[in-house]
Amino acid sequence: MTAPAKNTVVAFVDGSAHTAGVCDHAGWAAGRLKAAVALVHTMGRRARSSAPKDYSGALLAGARGTLMDKLAKADAEWAELARARGWAVLEEAQARLYGAGLSDVAIKLRQDDVLDAERDFQPTAAMLVVGKRGENSSFAADHLGSNLERLLRASTRPVLIANPEFKPIDRCL
């Protein structure tokens, strides 16, 4: 992975309803800071896996191998679909920023936790942009996303929290 420019707005996108807002806010911030944009999509390690489960005690002798083969194949297919979806989210977000007139927009797909990504981008980040809620929070519309608090606590850089719809910002704290 090549390091982003020293003055980079790092925007975390996940394909949720907040992704467009994250892109628009990141574009706005990049314009004000005269910065590049790095769009980051993380596929958390704990997203899905059948490997940790032990079915051996509940299976007949020949069934265990067959089941484990099927589970491994299903996990491989799921991982490939997740990667394809991640690239699609990033490419759509990049196209949105290109459409808004930005030209320096990098995309990064990562197989790790959002805090690991934040830590790697910290030295070059002028600002982080994250949605108020992510793709898994639609059931709790009155709560902030779980990654938001974690990012706020971990970051030593300013964090811009994006609403789903962009409105020009006149004041901030």
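Reader: Why is the crossing of α1 and α2 called right-handed?
Author: A crossing is left-handed if the near helix is turned anticlockwise from the far one by less than a right angle, and right-handed if clockwise. The crossing of α1 and α2 falls under the clockwise case and is right-handed. The contact, meaning heavy atoms within 4.5 Å, is made by Ala-20, Cys-23, Asp-24 and Gly-27 of α1 and by Ala-93, Arg-96 and Leu-97 of α2. By class, the contact of α1 with α2 holds 4 nonpolar, 1 polar and 2 charged residues. Nonpolar here covers Ala, Val, Leu, Ile, Met, Phe, Trp, Tyr, Cys and Pro, charged covers Asp, Glu, Lys and Arg, and polar takes the others, Gly among them.

Reader: What kind of model do these values come from, and how are residues numbered?
Author: The model is predicted, so local features need pLDDT of at least 70 and side-chain atom pairs count only at pLDDT 80 or more, while totals for chains, interfaces and linings use all residues. Residues are numbered from 1 along each chain as its sequence is written, and side-chain values use heavy atoms, with hydrogens and water left out.

Reader: What makes α1 and α2 oblique to each other?
Author: Their axes, lines fitted to C-alpha atoms over the stretch in contact, with angles from 0 to 180 degrees between N-to-C directions, come within 10 Å and cross at roughly 40 degrees. Angles under 35 degrees count as roughly parallel, over 145 as roughly antiparallel, 65 to 115 as roughly perpendicular, and the rest as oblique. The pair α1 and α2 is therefore oblique.

Reader: Why is α3 called roughly parallel to α4?
Author: The axes of α3 (residues 114-121) and α4 (residues 146-154) come within 10 Å and cross at roughly 30 degrees. That angle makes α3 roughly parallel to α4. The crossing of α3 past α4 is right-handed. Val-114, Leu-115 and Glu-118 of α3 meet Asn-147, Arg-150, Leu-151 and Ala-154 of α4. The residues of this contact divide into 4 nonpolar, 1 polar and 2 charged.

Reader: Which elements do the buried residues of α1 and α2 pack against?
Author: Buried means under 20% relative accessible area, exposed over 50%, and partly exposed in between, with a 1.4 Å probe and protein chains only. The buried residues of α1, including Val-22, His-25 and Trp-28, pack against β1, β2, α2, β4 (125-131) and β5 (159-162). The buried residues of α2, among them Leu-71, Asp-75 and Gln-94, pack against α1 (19-33), β2 (36-42) and β3 (105-110).

Reader: What is worth noting about the phi of Lys-34?
Author: Lys-34 lies in the loop between α1 and β2. Its phi is near 55 degrees, a positive value in a residue other than glycine. Most residues other than glycine have a negative phi. Lys-34 counts as exposed because its relative accessible area is 73%. After α2 comes Gly-101, whose phi is also positive, near 100 degrees.

Reader: Why is Thr-8 called buried?
Author: Thr-8 is at 0% relative accessibility and so counts as buried. Thr-8 lies in strand β1 (residues 8-12). Leaving out residues up to four places away in sequence, Thr-8 touches Ala-35, Ala-36, Val-37, Ala-38, Thr-124, Ala-125, Ala-126 and Met-127.

Reader: What about Met-127, buried or exposed?
Author: Met-127 stands at 16% relative accessibility and therefore counts as buried. Met-127 lies in strand β4. Its C-alpha atom is separated by 7.2 Å from that of Leu-160, 33 residues apart along the chain. Not counting residues up to four places away in sequence, Met-127 touches Thr-8, Val-9, Val-10, Ala-29, Leu-33, Pro-158 and Leu-160.

Reader: How many helices and strands does the chain have, and what counts as one?
Author: A helix is a DSSP run of H or I with at least four residues, and a strand is a run of E with at least two, numbered from the N terminus. The chain comes to 4 helices and 5 strands. From the N terminus on, the elements run β-α-β-α-β-α-β-α-β. Of the 173 residues of the chain, 38% count as buried. Among contacts with a separation of 6 or more, residues 24 or more positions apart account for 79%.
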